[in-house]
Amino acid sequence: MNAPALSAHDVKKSYWLGKREIPILKGVNLAVERGEMVALLGASGAGKSTLLHLLGLLDTPTSGEIRFDGQPVHNFKVGARAKLRHQFVGFVFQFYHLIPELTAIQNVLLAAMMQKSVCQYWKERRTTRAAAEQILDEVGLSQRLSHRPAELSGGERQRVAIARALLQNPRVVLADEPTGNLDSETADDVMQMLFRINRERQLAFLLVTHNEDLARKCHRVVRLRDGMVVG
Amino acid sequence: MYRLFLAARYLLSRPINLLGIGGVTLGVWALIVVVSIFSGFLRVVGEHVRSASADVSVWFLPDSARFHDLQTAIDEVPNVAACSPRLVHFGLLNRPGETPPPPPLLGRGAMQGGDTPFVSVLGVDPDLDRKTTALDAWLVAVATELRVKDLQKPLARIDGLPAILLGEERMARSGLRIGDKLALSTGRVERGEGGGRSLVQVTGEAIGGNRQDAPVFVVAGAFHTRHTGYDGNTAFVHIEDLRAMLSLPPDAVQEISVKVEDPADTEATADRVQRAVRRELGFERGQFQRAPLAYSWHERHRGFLEGVEWQRALMKIILIVIMVVAAVLMYATLSMMVAEKTSDIGILCALGGSPRGVMTVFLSCGLSITAIGIVLGTVIGCLSAIYLEEFRQFVLWLAGVDLFPVKVYNLDRVPHELDPLWILQVAGVALLVGAIVSALPAFRAARHDPLVSLRGS
Ligand SMILES: Nc1ncnc2c1ncn2[C@@H]1O[C@H](COP(=O)(O)OP(=O)(O)OP(=O)(O)O)[C@@H](O)[C@H]1O
Ligand SMILES: [Mg+2]
């Protein structure tokens, strides 16, 4: 099994403004191998976020194929896509997207609840909680378990979001400018942590960023230009 | 799992949801309590009216009617247990020698009982009447000092004078005691030779008095039927005394009370009695001005009972308004919540949720609010309906305010009657309204594009 963890084949995506077609992605080919950390660079508006959403099955391409472990998955039904998203992909966003009503650990646990029935979850609640605590410890937040997002700093919030993305042991993490909202020192800390996780867990990462220095530290850099991946 | 968990978290972290719960509770509570009071009132008043009436009454008998002929005919009707004759007259009661007070203003006093000196004077035969009405019970349901001496012969003559029975409260109010004398000022219609009619003064000549003065009766005791309006405006005398006083032929009768065996069949029995009476009187040959009628007690008081029922129906409609207000309140708070929470929809989808799943989060929020409101409203509604009297006493004691003047209606407590069917209806309607009201914002949430909230800040 040498198929890449995640790959895109001639993926096109257009938006329609009234009757006018606006092509954003014009045939993207991209593969992320297991354990590989790929940086995705591109000008603002190039379509990086759009590509990430397509790869994470949040959106459907106008044409082309998305494959997980070599299996085409882009034309699955809504329910199956949600399930795959849950098992296969972890998302990290620029704006954290934590749920303000929940504590740090509850935000992480939410990831485990998504596809389970109440009974299932109840049976596994102890192991799930232990796993969540361990991951929060891994991102350095063992002292912040019952803080709400409003009581956490930006860096801490992003760590919670990362912990949430990791709880289900995904194959790929899709990170959309994870440090875009942090000051450079905190951003460095968070990036160090992502590199460490990538090493320790052999997780595939696709990292959208504007930072060339940061991109250079990744295994590979690809650029999105004119709706195509180059480099 | 996440649906329940999030719904619970959203609900608990937003105190404004209490407003929705409160609204539903209030609506359900009001619908249960008020309707319970009206139903209870209807039942109690029905019982009161019933207690003062015979099962079936035959009215509009012609002058030629004779009781014993009709009795034979009526007794043959299936389901008839007994019947008794009555004469129905009227007059002003006052102490002898005193001038009667001016007649009362129309529409005042009658329901309050006894304000008016103008009464219906019913001539009854106690031996027969106790078989068709609750006469015996009425006679013992009074204070001991107002009770007739001989319960077997309550209307026997006293010292050669005819006896009269008055409502208990009326007696107490006018300070009358057993043995007091009362004059009855009244007249009667006399048909002249040429068919003309004239009103002549009735004197006591035929019943032991003189030919100038009004007939004098001796108070033999009091009666009490629980139907206040009836007690205050009715006096009983012996049918023979009234016949003599009005110079009516022996056995003359104006009204007949009938007792039935099976109360469930009262209406049909009334019809049969009416037919039997008409046949016996030869009504089919058509020589009467008015057709004799037989009414059941319910029919007879239909106007009054239907009035109360109509008020209850009206009340229900008015109270529905509270439900509408509650629904609007809930809709507003839920819409606000969904608008605020759309930013969470994106991440929930990214974590493996679907728009439909997110919809159920908001739907269960709304349904929980509704369910909690219904349960609270039903429980509080039932409890407060049952203990309203205690609550009234408490307020009376605390603030001196009477919330519900039970005495006016001759009730001993605030009435209540909880109808399980009505409670189910209220709960059902509330649930339906709650479901609709929560479904609208939930659908909006489901239609929301998750990518929009993921892109934006
Ligand atoms: N729903 C939509 N309808 C129409 N056009 C859209 C829609 N969503 C995105 N676009 C357009 O697609 C283009 C790509 O957007 P995208 O967010 O992928 O850019 P990006 O590379 O992530 O930019 P940035 O670096 O600023 O985040 C933009 O020009 C945007 O205006
Ligand atoms: Mg972007």
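**Figure 1. The shell around ligand 1.** The residues of the shell around ligand 1 divide into four nonpolar, six polar and three charged, where Ala, Val, Leu, Ile, Met, Phe, Trp, Tyr, Cys and Pro count as nonpolar, Asp, Glu, Lys and Arg as charged, and the others, Gly among them, as polar. The model is a predicted one, in which local features need pLDDT of at least 70 and side-chain atom pairs count only at pLDDT 80 or more, while totals for chains, interfaces and linings use all residues. Residues are numbered from 1 along each chain as its sequence is written, chains are lettered from A and ligands numbered from 1 in the order in which they are written, and side-chain values use heavy atoms, with hydrogens and water left out. Ligand 1 is surrounded by 13 residues, the closest being A:Ser44, A:Lys48, A:Ser49, A:Thr50 and B:Arg455; a residue is near a molecule if one of its heavy atoms lies within 4 Å of it. Because these residues come from chains A and B, the site is shared between chains. Helix 1 (residues 48–55) of chain A gives the most to this shell, with three residues; helices (H or I, at least four residues) and strands (E, at least two) are DSSP runs, numbered from the N terminus.

**Figure 2. Side-chain contacts of ligand 1.** An oxygen atom of ligand 1 is 2.7 Å from an N or O atom in the side chain of A:Lys48, and an oxygen atom of the ligand is likewise 2.7 Å from an N or O atom in the side chain of A:Ser49. For the side chain of A:His210, the corresponding distance is 3.2 Å. Taken alone, ligand 1 exposes 630 Å², of which the protein buries 63%; accessible areas come from the Shrake-Rupley method with a 1.4 Å probe, and for residues only the protein chains shown count as cover.

**Figure 3. A:Arg164, a buried residue without a salt bridge.** A:Arg164 lies in helix 6 (residues 154–166) of chain A. This arginine is buried yet has no salt bridge, and the nearest side chain of opposite charge, B:Asp344, is 8.1 Å away. Buried means under 20% relative accessible area, exposed over 50%, and partly exposed in between (1.4 Å probe, protein chains only), and a salt bridge is a side-chain nitrogen of Lys or Arg within 4 Å of a carboxyl oxygen of Asp or Glu; Lys and Arg count as positive and Asp and Glu as negative, whereas His and the chain ends are not counted. The side chain of A:Arg164 reaches the backbone oxygen of A:Tyr96 at 2.9 Å.

**Figure 4. The salt bridge between A:Arg129 and A:Glu133.** The side chains of A:Arg129 and A:Glu133 meet in a salt bridge, at 3.2 Å from N to O. Since they are four residues apart in helix 5 (residues 125–138) of chain A, these two residues are separated by about one helical turn. A:Arg129 is partly exposed, with a relative accessible area of 38%, and A:Glu133 is also partly exposed, at 31%.

**Figure 5. The salt bridge between B:Arg130 and B:Asp127.** In the pair formed by B:Arg130 and B:Asp127, the closest N and O atoms of the salt bridge are 3.4 Å apart. Both residues lie in helix 4 (residues 126–132) of chain B, three residues apart, about one turn of the helix. B:Arg130 counts as buried at 18% relative accessibility, whereas B:Asp127 is partly exposed, with a relative accessible area of 42%.

Key. Polar contact = N/O pair within 3.5 Å; in protein donor to acceptor, adjacent residues only side chain to side chain.
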